[in-house]
Amino acid sequence: MTAMEYDVIVVGAGPVGENVADRVVRGGLSAAIVERELVGGECSYWACMPTKALLRSASALRAARHLPGAREAVTGDLDAAAVLGRRDSFASHWKDDGQVSWLESAGIALHRGQGRIVSTRVVEVTDADGATARLTARHAVVVATGSSALLPDIPGLREAAPWSSREAASARSVPRRLAVIGGGVVAAEMATAFAALGSSVTVLARDGVLPSVEPFAGELVTESLREAGVTVRLGAEAVAVNRDDSGAVHIETADGERFDADEVLVAVGRTPNTQDLGLETVGLAPGAWLPVDDTLRVVGGGDWLYAAGDVNRRVLLTHQGKYQARAVGDVIVARAKGATVEDGRWGRHVATADERAVPQVVFTDPEIASVGLTAAAAAAAGLRTRVVDYDLGAVAGASLHADGYKGHARMVVDEDRKVVVGFTVAGPDVAELLHAATIAIVGEVPLDRLWHAVPAYPTVSEVWLRLLETYGR
């Protein structure tokens, strides 16, 4: 067994772990990162990048078909093979050479294998050949192992070899029939993608389509999916799954319906990758989410153990995990050097935005871009709010963007402070509208000052002026 010592050890080399290690090294400490799969993690190979590559070509084609002149130039349908090929390039063909090179250039040591905590600040790494290395951290160990798709206990489901988000993102061909169990972001995006690629798609959405967003946004996506030929069954609960000898999958629902497919995608949630990390050696439960304090220290894990990204269950989004990574890397450096820890609201070493200003884009048709609180969440938080709605299609920039543009925008205002606390917009190509709202919410910009942020004409961003006019001065 080899033994090595570093200032910080990071378990998990996805984007979160990479960012933790990078901040630590930039702060003057040494860092090692442990990874059992591909350096770059879920986002690089099975989530953010490849899935958006699957969706982008269809989005561009839809945009062309909504513009006279461009519409006439479109003479065919999507080339599925070309779309899959572009997806492969964005997944780096499931090779991590480039990511490994980046680690080397950043001065971060890589240890491949399964990392397990064996005692205070000590991680053992077992590689594919069974060789073991013992790594000791002078200051901190950070768990950044992410999450995996949750597989519910539906009779016959495991035996049917279902797709998870990984198989959907890396599919080598387009199934003729695809059934999707679930109605969240993964379910809605993959239903959008595979319907555009030519699959006959059925969505069984027990809790509705995109139940966590503003209701109007989920309704627009549901309507669009149906217009695209997708069968959407709201409230349908799968109770039995069977794959027969021919390879066909048969799904039964609680209300007696039966759906047949060639593949079934299960997208009903996530589970933390903490099952084999040795957490029991420090009094924590294997397989559980890791609760953290505001500086991302694991509650009950001692003053040396941190968790960032999906694994702490604060926000399961790559960009929020990277945001946490910057905070935790910086706070480890500060504590190691005896510097002041800024752990107050919006301080350098905390992740305040996880609770107050989480931005997210759902790349469906239409796109949904949101940040902060929904109207329901704001009310549940006890805020005295006013909800302001506006027809996005009535904005001049939207009518230029596409004929028949259909969309909707909502602003949630905290009436006591006169600041925006929530913003949701649904419509074609609205993703890039989001950061303006994020800045307004994080900066707590008063409505009186927002009146002076003049949107250029004619752009879709003019919706900000229309929302303020609707609110009243």
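**Notebook: strands, helices and cores**

I began at strand 21, where I found that G422 is the bridge partner of G372. The model I am reading is a predicted one, and I keep that in mind for every entry below.

**Around strand 18**

Strand 18 and strand 21 (residues 419-427) pair in the antiparallel sense, and I noted 6 bridges for this pairing. I then looked at strand 17 (residues 359-362), which also pairs with strand 18 in the antiparallel sense, here over 4 bridges. Within that pairing P359 stands opposite V371 of strand 18, and the two strands form a hairpin with 4 residues between them. I next asked how many of the residues of strand 18 are buried. The answer is 5 of the 6 residues in the run 367-372, so I wrote strand 18 down as largely enclosed by the rest of the structure.

For strand 12 (residues 249-253) and strand 13, I noted an antiparallel pairing over 4 bridges, in which H250 stands opposite D260 of strand 13.

**Helix 1**

I recorded helix 1 as mostly covered, since 9 of its 12 residues are buried; among the buried ones are P15, E18, N19, D22 and V24. The buried residues of helix 1 pack against several elements, including strand 1 (2-11), strand 6 (132-143) and helix 10 (318-337). After helix 1 comes G28, for which I noted a positive phi, near 100°.

**T51 in helix 3**

T51 lies in helix 3, which covers residues 48-65. Is T51 buried or exposed? I count T51 as buried, because its relative accessibility is 8% and the cut-off for buried is under 20%. The side chain of T51 makes a polar contact with the side chain of K52, at 2.9 Å. Once neighbours within four places in sequence are left aside, T51 is in contact with W46, A169 and M190.

**S224 in helix 9**

I moved on to S224, which lies in helix 9 (residues 215-227) and is buried, with a relative accessible area of 12%. Which residues is S224 in contact with, leaving aside its neighbours within four places in sequence? I found D365 and P366, and a polar atom of the S224 side chain lies 2.6 Å from the backbone oxygen of D365. I also looked up T192, which is 32 residues from S224 in sequence and 9.1 Å from S224 in space, C-alpha to C-alpha.

**Nonpolar cores**

The largest nonpolar core has 86 residues, and of these L305, I332 and M411 touch the most other members. I listed the contacts of L305 beyond four places in sequence, which include I117, V141, V143, V282 and L284, together with R297 and V298. A second, separate core has 35 residues, and L55, A205, A217 and L225 are among them.

Terms used:
Residues numbered from 1 in each chain as written. Predicted model: local features only at pLDDT ≥ 70, side-chain atom pairs only at ≥ 80, totals over all residues. Heavy atoms only, no water. Buried < 20%, exposed > 50% of the residue type's maximum accessible area, 1.4 Å probe, protein only. Polar contact = N/O pair within 3.5 Å; in protein donor to acceptor, adjacent residues only side chain to side chain. Contact = heavy atoms within 4.5 Å. Pairing = 2+ DSSP bridges. Core = buried A, V, L, I, M, F, W, Y, C linked by side-chain atoms within 4.5 Å.
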